[in-house]
Every structure is written in structure tokens, then in C-alpha cells.
Amino acid sequence: MFWAGVRYERVQGDGPRVKEISEKHSVFMVYFTHTGTQGKSLTEIEADMYTKAGEFFMAHNGWVMGYSDPLRDFAEEQPGRANVYLKRELISWGDSVKLRFGRRPEDSSYLWQHMTEYVQTTARIFDGVRLDNCHSTPLHVAEYLLDAARKINPELYVVAELFTNSDYTDNVFVNRLGITSLIREALSAWDSHEQGRLVYRYGGVPVGGFQANSSRHEATSVAHALFLDLTHDNPSPVEKRSVYDLLPSAALVSMACCATGSNRGYDELVPHHIHVVDEERTYQEWGKGVDSKSGIMGAKRALNLLHGQLAEEGFSQVYVDQMDPNVVAVTRHSPITHQSVILVAHTAFGYPSPNAGPTGIRPLRFEGVLDEIILEASLTMQSDKPFDRPAPFKKDPNVINGFTQFQLNLQEHIPLAKSTVFQTQSYSDGNNTELNFANLRPGTVVAIRVSMHTGPRTSFDKLQKISNALRIGSGEEYSQLQAIVSKLDLVALSGALFSCDDEERDLGKGGTAYDIPNFGKIVYCGLQGFISLLTEISPKNDLGHPLCNNLRDGNWMMDYIADRLTSYEDLKPLSAWFKATFESLKNIPRYLIPCYFDAIVSGVYNVLINQVNELMPDFIKNGHSFPQSLALSTLQFLSVCKSANLPGFSPALSPPKPPKQCVTLSAGLPHFSTGYMRCWGRDTFIALRGSMFLTGRYNEARFIILGFGQTLRHGLIPNLLDSGSKPRFNCRDAIWWWMYCIKQYVEDAPKGAEILKDKVSRMFPYDDADAHAPGAFDQLLFDVMQEALQVHFQGLQYRERNAGYEIDAHMVDQGFNNQIGVHPETGFVFGGNNFNCGTWMDKMGSSQKAGNKGRPSTPRDGSAVELVGLQYAVLRFMQSLADKEVIPYTGVERKGPSGEVTKWSYKEWADRIKNNFDKYFFVSESETCSVANKKLIYKDSYGATQSWTDYQLRCNFPITLTVAPDLCNPQNAWRALERAKKYLLGPLGMKTLDPEDWNYRANYDNSNDSTDCTVAHGANYHQGPEWVWPIGFYLRARLIFAKKCGHLDETIAETWAILRAHLRELQTSHWRGLPELTNDNGSYCGDSCRTQAWSVAAILEVLYDLHSLGADVA
């Protein structure tokens, strides 16, 4: 670094290139002041350091080569680095010193007070200040002093010079210090392309850019710039480029949509560095050696006027076109009037040929008509060689002078006929106009004003009226749309907003998801598919996105949106509205279509969302955006699907009667959208409360409850419904979720208890019965529930119908044999065997190669913890119904092998479970079992064939704590939840297995074709990956037991902190939902459903619980 400093100061291209070696300019940089040391020996100087004279030995300020953290004061001790002075890393400034402020005013009270008085005096006198080399001032000091200055002048304009090489770090300074603008230098550009890039970077949004949308997050952006053609104390552009580049570079700067500025001497063609320390001459007085005709003064005046007018008139959009290696065109566009100003600048970074003629470039082509030529300007040598190099410059000994041998040629506000740059005849091609260049020479600048044609203007005015009405939510156009949308129910709204590719195909009308060239299919056919992309594209003004290209290239996307809506009878009026509006959109300039497409589609989307919220219960309608977003997500899963209906209902069913095609609930998208894979028993009823009860959809939920009840067989409801045609009874848990949902329905729905006496048309009234027609065998719902309880209490062993390859290609023969029953001592429901997997953790091995085919990863046979909790909740519910004589039953009975009868009342059964739950499920600190690798947890099961699996820490026990909180000892429950927090909690979901378990495998990959039996073909589906829906029950359980144990306030805060990740996922996922699962630590899982019903429902239930606690505002 020692030599690097010498290299920079003496020979480096971007350094000062000092040639002189003297006491003033020593070979090596001087790091300390030499006050009072001239003529003294080193020994004398060292002795002075310890006297009063030592107070004037001070370190110089400067900047540090290669220093990576400008937020840290380089003079302080640097962790991991030696002192920058000792390492000679500092490029020092001999005209300033590094002041030692310390960390607080008390560390150097005089200095802080003195500088405070200084900045307050400055703020009293001036409207603005410049923070020179802002990065070299300790941040806490700058904050303190600027706060003091703003007490004097609250509107103080603060500009700063920063060299951090990081937009992020720049923004830290801007936000911490309240900097208005950052100094940006056009002279940093090395060619015209880079100059144009700087104009675009610092100068506004792109032409045709999207309108601001308050419902979307702002994209990060660079700090506001004060863009200068030349900053103070820097070399003249004449030294780095050529004198002929002064005018075009100044013109390019003036076209930037930001603050602009210059430095005295630029307009006067001063060809050298005006050094702020060494320069002793004065500037020339106006009218005495310099006036409006000097240098490029006249052109700069015109350019500055143009810059101001563009700002005042709202020309906020910018487009930069590199027409030639030396020619840059900049367009400033008004998004209000759609007028444009186009400036073409022929730069001259190097000296052109002395007799250079016009540069041949393509014509200037634009959409619209030419209003006027605002200005034409050029700078030439007053000689027979217009671009000759200037003779060696002579400095005036008294004043700062510049070149005088150049001529400025300037014309302002002229018609095309008087142009000296363009041919005097324009050419038209439809709505496009073309101007050919006749005399565009180096150093030339021309600016024109352009307006829209009359025809597109009429369409644009109509679009502007519509987009404004949609934006402010009032006006005739808005009222017309609102009248259409107000008639839509949630089913119709689902069709307008969602419908994935398979669902659209299922309609049978030839529809499919829109396929954007060079991008792919959007995730939804409805408006959400487009909005999800526009939400990403518009804040960044990514007009190069394939969606924008597709809109500019043709009208296909507009036609798609309008035409697909005709597939839905209720949406035909909305289709007609879109068609009429899009006709105007098709007639405006193509470059504006993405902007107005977004304004219209987003506006309609917002109206549809408002209608969704209007149809929701007060908790959602009057709530904040989080529950509203989740409620909106539920519409993704609830739709009419031709290939997945509910079984036929009894004609005797009480009103309201079900429609011919009922709404069904998709387990998740896109994998479970249609056909037999759409409706899963457990998924449906785990999600039912969050997705339907909390959103007020009780009538549709009633039909789903009754529809599944109609298929009861073996005391179970099916795992896969398949419209009732081929239901599969291979799950033990769906029946308990179904009955638990009936409990919730009775408690939550208006007149909810009436469902208990609804007629259920039993398809399989006997286990060996063939399917019965609707109405052939009706039972009341409470009878069906009683039968399910009775079958479990009696116990049943059965073999799945059609057992074999046809229904499961991977299961071994023993897996088709099922058993359910109730433990006579504990009352716990049990079932399954080691060859099947009857709970939600249902992964069956399928890899012959790895040897796991037919081997379930998680059998969970015996008594699964969540089933015992659900069972207990259902029994207490039945007990309450019996006590109120709502049902004619009081309990269950069974016959033994010898005919003996055992009777349990619902209360006796529930009490038995309660008395045994903690005894058999809680693993206390004193547990001695050798396979109990975790203490103070609840077991995952009791009585499993593989007994060690009982003791695994999994995410299932919080379900029991939530649905049956009185089943557990509160202190035990809290201890177990704390263990879950430590070992299972992930960013978005819950680990399905303790990471310290030998079977833990965190990353699910269903395509894994290895020989590792623990992961092959995704065998670890529930052996570590983090599922989202269990986190809902975990959070709800913590709220319940935090209240019981005195930890509620901190748990509420903790819950909201966790939920931030779910809100972020909702806002950023193209599917606008929550995924089925994630891999390790919340990482993306490619095989997961991108949006899952029970994930969304479970989190909505958490928000409802927070709302009920009065804590629903994050």
C-alpha cells in the first residue's frame, strides 16, 4: 500500500499525476501536519511532541484505498486490520486534518460545541449545504451536527459527496443523515455509452413506465442525484476528453430527470483544473471579459431552461438510445400529456478530425408528430478547420480565463424548414414520423418536441379517464364496473381471479393457462396470474420482461383475458366490459400498452378483491390486509370442478338444497386440482374451518360435510373421495377430523345444530354393500356419527376392497389389512399396522432399487397423539349433545367374543382418556425407557409396533394441545411446546422430525433415484421437511398455554414475529398462497404444492385466535 499511494499521486490515470518533487510535494504522502517544525531535526520534532507544540501535530484526513466499510471511522481501531495510518493505506489530503470527536459530545466537548455552532451558523445563512467527502466523517457525528443544523433550518437542502461503491451503503448514509441528493459526476463516464447509462440511472423512470401503485411495495432505488457535468476541484473535461464534448455532455446532463448542476469555468471553456487550495486568481466579473456570448453560455442557458420546463411540466420518464458509438438520444416523456422531448447529442470524447463532416446515422424515428425544434447548437473553431485542436493555452495572471477562439452556433424554437441538422422534409409511416439527419457533426446538439396523433389521443383520453377512475375508486367508469362486480359471489370471483391450468382444462371449453413466449405459462388463468407478475415487474419498471414484450407485440393477452371469462355465465358482463376497454388500449402507441394494461387489470383486480372482502365476515372485512390476503387465498381451492363433485344427495335433504355441481376443496395446487386427486378426506377437514367457516361459507361447507358423510364405510370416511365412485378407505384420521369439523360447525355456524338432523344418503349402509342411489338409504347425521364411534368402540378388522396393484402399486399385501379399535384401559383409539400408514404422514416407499418399496416411512400405528386429542374433543361434544338431549344417544357399547356387553357413556370414555393421556404420552424428566432420547415432550404415538417410534419428537402433539387443551397438564404442555420451539420450529413450517433423530432427513426430493432407502423416491417426506400447516396448531397451542402459564404478552409478540414470514410468502409467491412444505430451514422444495389449502387455513386460524385475544394488529 506504501507504493500504491505513490503510484496514485504520481502516475495513475485517475490520480493528480504530480510531477514536482519538493518540500510541498514530497515523494511520499505526508500523513501529519508540520506546524512549527520547519528547519528542525527529527530529534527536535520528537521532543516537541511532548510539549505544548505537540497539540498542533495532527493527522491528515483522506480516503483509504480499497477500504471496504465506509460506515466505520477509519481512524478508529479496526477489528482484524492494523491502523490505516501505520499501513500507509491512506490517500491523505494535505489541506485538512482528521478530528477526534470520540463517540459522544462528552469525549471532546469543545470540538462538538464548536462544530455545532459552525453548522448552525451555516444553516442560518444558507438554504443548502454540501457534505464534502461525507464518507470520511464518522456517521454518528454527521447525524448529531445535521440534527443541530435542522433545528435552525428544518428545510435545509443537504447534498453529499460519497465514495462507497455501494448503492446499499449510499442509502444507509442517505437515510441516516437525511441527505437530499448525492453528488454524481458525468465526468466519471469513459465513453458516450456510459454517459447515457448515467443519464438513465439517475434520471427518472423509463418511457412508458408503470404508474405508481400504492398497494405494491416500492422497489429499492438509487438515492436522488445532483448530477453535474463538472464538480469542483476536479480536472476540466478538456483535459480528459475534448473541448468539443463540453456542449453535448452538458446537454445530456440537462436531460436527466434529477437535480443538475455545474461548476464555474465549464461554460467559459476553462481547460484546466481550478484547484480550490492552490488557485489564487479570481473569476472574471460578468460584463468584464465574460458575458452571455462567452464559451457555451448561450446554449447552457437554453439547456437549463429546458431542464426546468421538463421538470415543471411533468416529463418524468426517460429513454436513452445509443444511436451510434458517439451519438446518444435521450427522450423525456410526460406520462400525463404523452408529449415527448427528444435530444440528440453527438459527443466528442476524443478530438475529431479537424475537418470532420456529418456523421452518418440512422434516422430519428418516433411515434407522433413533430411540434417544433426546441434548439440546435454546436461549437466549432473559428478557423478553416472547424474541429482543430486548440493552441497551447495561456493563463491570465490575474483572472481565471478560458478559450476564446471557439464559436457557439445556436438556434431556438424553429420549424423543421429552418433546421441545419435535419433534412427539411419529414416522413410518416402510420403513426410514426421519421427525420433524416443532414448535418449532425461532432459536438452538435438538437432537441425536438413531439405530440401524439389525434386518433391515438382519443383512445388515450378514454383510457386515462378509466385508469383514473379505477385508481381513485369513483366516477362513472368505476360505477359501471362496480355494478357488474357487486353481483358476483365467491364462486364467480374464484373463476375471475384464479383457476390453474388443469382446472381450466377441466371446464372442457378448450381453455388453458396463458403461455408467455420466453417465459412460460402463468400459474393462474384468472387475473391473479397476471397480477402476480405485474406486482414484480411494475415497481422495477422492468419493461423488458417477456410479459411486456408480448403486450407490445400483439393483442393476444388482452383477448385472452376477455374471452376466457365467457366460459362462466356470471362473468360474461365482466368479459364485455374488458372487451370494450381493451379496444381503446389496442389503439394507443404500443410502447404505452404495458403501462395502461397494468392500470386497467390492476384496477379491476382491486375491485374484485374489494368484493371478496365485502362477502367476508367482519373479522376479515374490517380487518387488516393479512387475514384478507389469506381469505383471498382460500378462493384458490374452492371452486366447481366437473371431474370432482360430491356424491349425490338425498332428495329429502332440507333446504337449502345443493346445486347439481357443488363447490369442492382442492387439497393443493397444482398437484391436487382435478379428478380423483382433488378431494382428500383429511386435507378437506383439516382445512375446513380456516377456509370455509372463518370465511362465512357455511352452506357450501355443509354440503361437503354431508357429502363425505354419505360415503362412510368401516366406520371411516375415505382418504380419496373420487366423487364417491371409487372412494379409498385407507386412512384412520379423516373420520376424526370430519367429526371434529361437525363440532366446530355446530358451535360456529348460524343455527349450526340443525346439521345434526340433516339427512345423509348412505352410499354404503353396510360394509359389504354396493353403492346405493341418492335417497335409497337415508340417515340423520348424528346417526352416522354414532355409527363411526360405535364401530371404533366395537373394533373392526377389514381388508381394503380391490386390494392390490389397481389401488396401490407399491403397498405389500399385509398393508391392505386394516384394523381400528379402542384400547379398553386407556380409551385411546388405535389402528393400523407396520405395513400401512393411515395418518397424514402417509409416505409409502416406492423404490425397488433402494429397497424401500412397500415400506411405509411413518406407519404411526397404535394410538397417534393427534387422533387421541381429536377423539377426546369429539367425545366431549357428543357428551354435551347428550346432556342437552339433542341426540338420542348417551354412549356406546360393544359385545365381547362370548356375548358379554360393555357400555361406556361419552363422559366415561372421555374421562378415561383424560385420566391416562399425560400418564402414557408425556415423557417426564424421570423417564427411564432406553429409547426416550428426548424428555419433557409428548410422544408421537402410544403402542406402535416399532416401540421406539412412540418416543420420536414430531410436530403432531400441538394439534392435541389445540383441539383438546383441557386434556393436558398446562405446565407439561408448556414444557413440550418449548422443546418444539427449540427443535422443530422452522421459518415457515414445522420440522416433521427431531433433527437429532437418526432418521432425520431434511430435504425432500421425490425424484431421488439413489440407493439410499431413507430418501429414495422421497421416502423422507415426513422425516424432517418442514410442513406449514402444523405451525398453525403449534402457534395456537402456544397462545392457549401461554395464557394458562402467564406468558401471553411475549407469546403474542413472538407469534407475530413468526408470522411475518408467512405474510411475506403470501405477498411474493406467484400462487399467492402458502406452500405444502419447505426443505431445511425454510428452503425451497421443488416437489411441494406451491399453495396448499390446510397451510392457508391453519394460519388464518392463528390470526383469528389473535383477533379473539384482542391482539390482531401486528
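**Exercises on a predicted model**

Phe597 touches, beyond residues up to four places away in sequence, Phe530, Leu534, Leu551, Met557, Met558, Ile561, Phe582, Leu585 and Ser602, where contact means heavy atoms within 4.5 Å. This is a predicted model, in which local features need pLDDT of at least 70 and side-chain atom pairs count only at pLDDT 80 or more, while totals for chains, interfaces and linings use all residues. Residues are numbered from 1 along each chain as its sequence is written, and side-chain values use heavy atoms, with hydrogens and water left out.

**Exercise 1.** Find which residues touch the most other members of the largest nonpolar core.

*Solution.* Begin with the term: a nonpolar core is a set of buried Ala, Val, Leu, Ile, Met, Phe, Trp, Tyr and Cys residues joined through side-chain atoms within 4.5 Å, buried being under 20% relative accessible area with a 1.4 Å probe, protein chains only. Next, among the 218 residues of the largest core, Phe578, Phe597 and Trp738 touch the most other members. Finally, at least three residues of this core come from each of domain 3 (457-615) and domain 4 (632-1109), with bounds taken from an automatic or database domain assignment.

**Exercise 2.** Describe the contact between domain 3 and domain 4.

*Solution.* First, the C-alpha centres of the two domains lie 39 Å apart. The contact then takes 24 residues from domain 3 and 24 residues from domain 4. The buried area, meaning the accessible area (1.4 Å probe) that two parts lose on being put together, summed over both, is about 1900 Å², and carbon and sulfur atoms give 60% of it. Lastly, Glu503, Asp506 and Tyr524 lose the most area on the domain 3 side, together 27% of what that side buries.

Technical notes. Buried < 20%, exposed > 50% of the residue type's maximum accessible area, 1.4 Å probe, protein only.
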